[in-house]
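Here are some exercises to work through with the model open in your viewer. Try each task before reading its solution.

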Amino acid sequence: MKTDPVPIKNIRNFSIVAHIDHGKSTLADRLMERTGAITERQMKEQLLDDMDLERERGITIKASSVTMYYTHQGTQYMLNLIDTPGHVDFHYEVSRSLAACEGALLVVDASQGVEAQTVANTYLAVESGCEILGVINKIDLPAAQPDRVIEETEHIIGITAEECFPISAKTGQGVNELLEAIITKLPAPEDKSDKPTAALIYDSHADEYRGVIVYVRVFEGKLTKRQKISFMSSGKTYLITELGKFTPYATPVEEIGTGEVGYVIANIKKLADVTIGDTITDFTDPTDKPLPGYQPPMQMVFSDFYPGGTTDYPKLRAAFEKLALNDSSFSFTPQNSPALGFGFRCGFLGLLHMEIVQERLERENDVDVLQTAPTVSYEIVTTDGKAKRIDSPSELPDMQKIDEIREPIVKLEIITTAESIGGVMKLADDRRCKLIKTEYLSPTRVMMEYKAPLAEIVYDFYDQLKGISHGYATMDYEFLSFEKDKLVKIDFLVNGTPVDALSLIVHRSKAEQRGRRLLIKLRRAIPRHQFEIPLQVCIGGKIIARETIKSYRKDVTAKLYGGDVTRKMKLLKKQKEGKKRMKSIGMVNIPQEAFMSILDTSED
Amino acid sequence: MKSAHSTVGLYIHIPYCRKKCPYCAFYSVPIDTADPNRLIDAIFAELDSYDITEPVGTIYIGGGSPSCLPGDPLIEMADSLMSRYRNVSEFTMECNPAQADEATLRQLRAFGVNRLSIGAQSFNARELKTLGRIHSPRQIVEAVRIAKKGGFENIGLDLMFGIPGSSAKTWRHSLKSAAALKVQHLSVYSLTIEKLTPFARAVREGKLAVVDEAVERGMCKAARSLLRNAGFAQYEISNFAVPGFECQHNIRYWKNLPVVGIGPAAASWYQGKRTTNVADVAKYIKRIEAGRSAQSEAYIPSPEQIASESAVLGLRMTQGIDMPEYQKQTGFNLVRLFGDAIKKHSFHGLLECTVDDHCRLTEKGLSYADTVAQDFIL
């Protein structure tokens, strides 16, 4: 272990950004191996991904860092690799990792070429002022076309051939050249070691035994063990009990100097006490200006979770609380739906984020959940001119009191094959997306940019896109603004009672068709009762269609004498138990599964 | 539990039939190979094992088909029952229309049997054949005539609707034919496809088509209006009677009052215990002869369970639950125990509490009895 102090000019802080499966984690492993941070024997594959789930999905959720030492031409350098997640939903985490760096390695698969996320990640790196090196990975593959990809990289994201390094993270080919480039081409941190302490919190993590672990990048001054520090936005003060670096295993150090990266343990109890993007300073000699923080993540996708199976509400709550410890971008608010009972409305950065949360819930906490189809948040302007965000259609006030409904609009970038353009355009058109520009990356690949309503792409758009393009297309989106459109609320009445959980907001042009189709689904999903059940669909308060569930009353004219009492009581009890899994609305028992099947738009 | 009704009912199950009907789920076996005398001895032995201290108010001999027994053992049974119990006000015996023997019926009447329940089921020959019944429509008419001639003034018929192949028309014909016979009681219920019966298999295999539910609903409605016009009053979900001829024994069940059940597969509700006898003639006889109990199931319901049972059963009667009586019997105040259920179903017009302190299903509610009953399960 090298512990000699490294001068600031010999420190390099960088991140690796890549599209999923383009080899980010393999490259990280290779760099660690080449710098001697780990031996091959120690090298557990993809060391940076510490959650099973991440490894399974080939993506990284939580950023962490690793400090490596590398000797170049007789001089020792400290290389801090700050890991980033690679998916479209985690822009926020990517950008906060990049804020702690001076450089970024942009990895592109030599056989796949530039993908939509590659473009999005490049923008992020440029925005955060990072110097970018292109890494053309997987050149060992037979299908690799490094020259074509370098050309594409130059053309689309403006990284010149000189800044591109063809490598194979798998075989190690080109990795030494890349390490050299990291040292020679990426800038060193600015030397502000004489200033009061200013460290950026770029991530945090709750450890069962050690409390909250805070990941920092020191920009000014230094952090020392037993230093009394304060968090500038919250004003809270702590005493540092441990400082350390990941090399890649947590290694305690006495101090973390300017330009360096590490972790802080300071007896912080709750994750909520730490704000990502906050600045840590010295309590007695504080800096006068906090470091530039980040935009808090915007939750764009919402879904309701209800306890299912044998799971009850307190168990689900406990699971969410545990989950939230390690995922600050996810929120959960208790809610009581007259239709589905007690559950939680959860906010996510995007769809993948939502899926991951659901899986972690079930896997790590052994709970069963019933989850409604995702919706987006809307902005409404009431007749008195006030604007308000709503996360669920059921929060919509009376239509008469609404002046306009605004929906989230995103910039959508799709990279696809030239022959699938027609299909993609049709899909996009169908989903109310407006084409901004089409750009040929090569004679066979094209990038299309759209303005799209998030609600239209939030559900199965990506699956459809993959289908149309035979798996080639990639997409990424970025929030632009809330915009007004002809949006209406669809309500469903079961036996004359409105079912709030089924309400939805859709575009006027699709409302009637959607309403009628869902009504039929509803009819199929609700079991027959002893009486006739009218089902109605309302658009903007007007009933536009009706269906009827026929009654079923056979059992009431059965005999019941002495020998049957026990049997009858058992039967009634069983029926009652069955009903517990259902929600009673206007005398009608609706199985939770029915809600799900209605909310599932896949068959629409 | 101290009961306000200090009498007890007695039910005797004769598990024999000449031939088993394919829809029937009750315990019965063909009589051909049986030794009825041995069974009857066992029945009396079991009866002796009960220490019945209360007066027996009602007796009901059901089956199976008690009428498939030879006349003598039946008459002897009636005789010895009547000599044991002096306060019997209603003594019913079930009778298959094909087995109404004038001499036997006259004797039974003379020995105290005062009510006859005839398993008519239908007045349509084809439907009777479908049901596997051994009698014809004409035999029903004949059986009623014989019974009346034999001195019976309280005769009930069982009628079944929803029989495969039946229609609104055949059902009306059955109802009218029954009413025309000037009997005092009609049990009207729909065919229930019971698990593990030949009917259940036939339906599963598509060999038997159940009646459309809408048609069946119409049948249920037709029964109510037609029977009302014929002078019958509905006093329970599946029972109609000329006022004054309601079946006292069955009312005991709906009031959750004690009944001692004797014979194979019979159920008892006596001295706070619900028991069911073993559903096997040979085993039953063997156990009784060995001086052991014939019970194969027994449990003591909790006070809440009893309260729940009493409510579910009581609601089946059109007069509903007599609430002060209910409180005396169960120790619970009905409104306090089931306030939510009563409020909910009253709001929807299925249940009502009357000025004379009864809680009952409304006319509309009678059609949703099970929906309501589920909320009276604790």
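**Exercise 1. Decide whether A:Glu512 is buried, partly exposed or exposed, then find its salt-bridge partner.**

Step 1. A:Glu512 has a relative accessible area of 37%, so call it partly exposed (buried is under 20% relative accessible area, exposed over 50%, partly exposed in between, with a 1.4 Å probe and protein chains only).

Step 2. Look for a salt bridge (a side-chain nitrogen of Lys or Arg within 4 Å of a carboxyl oxygen of Asp or Glu). The partner is A:Arg516, with the closest N and O atoms 3.3 Å apart. A:Arg516 is also partly exposed, at 37%.

Step 3. A:Arg516 and A:Glu512 sit four residues apart in helix 12 (residues 508-525) of chain A, so about one helical turn separates them. Helices (H or I, at least four residues) and strands (E, at least two) are DSSP runs, numbered from the N terminus.

A word on the ground rules: this is a predicted model, where local features need pLDDT of at least 70, side-chain atom pairs count only at pLDDT 80 or more, and totals for chains, interfaces and linings use all residues. Residues are numbered from 1 along each chain as its sequence is written, chains are lettered from A and ligands numbered from 1 in the order in which they are written, and side-chain values use heavy atoms, with hydrogens and water left out.

**Exercise 2. Work out which parts of chain A are tied together by the salt bridge between A:Arg432 and A:Glu407.**

Step 1. Check the distance: the closest N and O atoms of A:Arg432 and A:Glu407 are 2.8 Å apart.

Step 2. Locate both ends. A:Arg432 is in the loop between helix 9 (421-430) and strand 25 (434-440), and A:Glu407 is in strand 24 (residues 402-417), so the pair links parts of chain A that are 25 residues apart in sequence.

Step 3. Check burial. A:Arg432 is buried at 16% relative accessible area, and A:Glu407 is buried at 1%.

Step 4. For a chain B example, take B:Glu352 and B:Arg360, whose side chains form a salt bridge at 2.8 Å, N to O. B:Glu352 is partly exposed at 29%, and B:Arg360 is partly exposed at 29%.

Step 5. Back in chain A, shared partners put A:Glu407 and A:Arg432 into one salt-bridge network with A:Glu456, A:Asp485 and A:Lys510. Over all chains, the whole structure has 37 salt bridges.

**Exercise 3. Describe the surroundings of A:Arg217.**

Step 1. A:Arg217 belongs to strand 8 (residues 211-220) of chain A and is buried, at 2% relative accessible area.

Step 2. Look for polar contacts (a pair of N or O atoms within 3.5 Å; within protein, one must be able to donate a hydrogen and the other to accept it, and residues adjacent in sequence count only if both atoms are side-chain atoms). The A:Arg217 side chain reaches the backbone oxygen of A:Ala100 at 2.7 Å, and a side-chain polar contact of 2.7 Å joins A:Arg217 to A:Glu102.

Step 3. List its contacts (heavy atoms within 4.5 Å), skipping residues up to four places away in sequence: among them are A:Asn13, A:Cys101, A:Pro189, A:Tyr202 and A:Glu260.

**Exercise 4. Characterise the interface of chain B and chain A.**

Step 1. Count residues: 41 of chain B are in contact with 29 of chain A.

Step 2. Take the area. The two chains bury about 3400 Å² between them, 56% of it on carbon and sulfur atoms (buried area is the accessible area, 1.4 Å probe, that two parts lose on being put together, summed over both). In chain B, B:Arg217, B:Asp370 and B:Gln374 lose the most area to chain A, together 19% of what that side buries.

Step 3. Look for charged pairs. The interface has two salt bridges. A:Lys568 and B:Asp370 meet in a salt bridge at 3.1 Å, N to O.

Step 4. Ask which element leads. Helix 15 of chain B gives the largest share of the side of chain B that touches chain A, five residues.

Step 5. Check confidence: the predictor gives the complex an ipTM of 0.84 and a pTM of 0.55.
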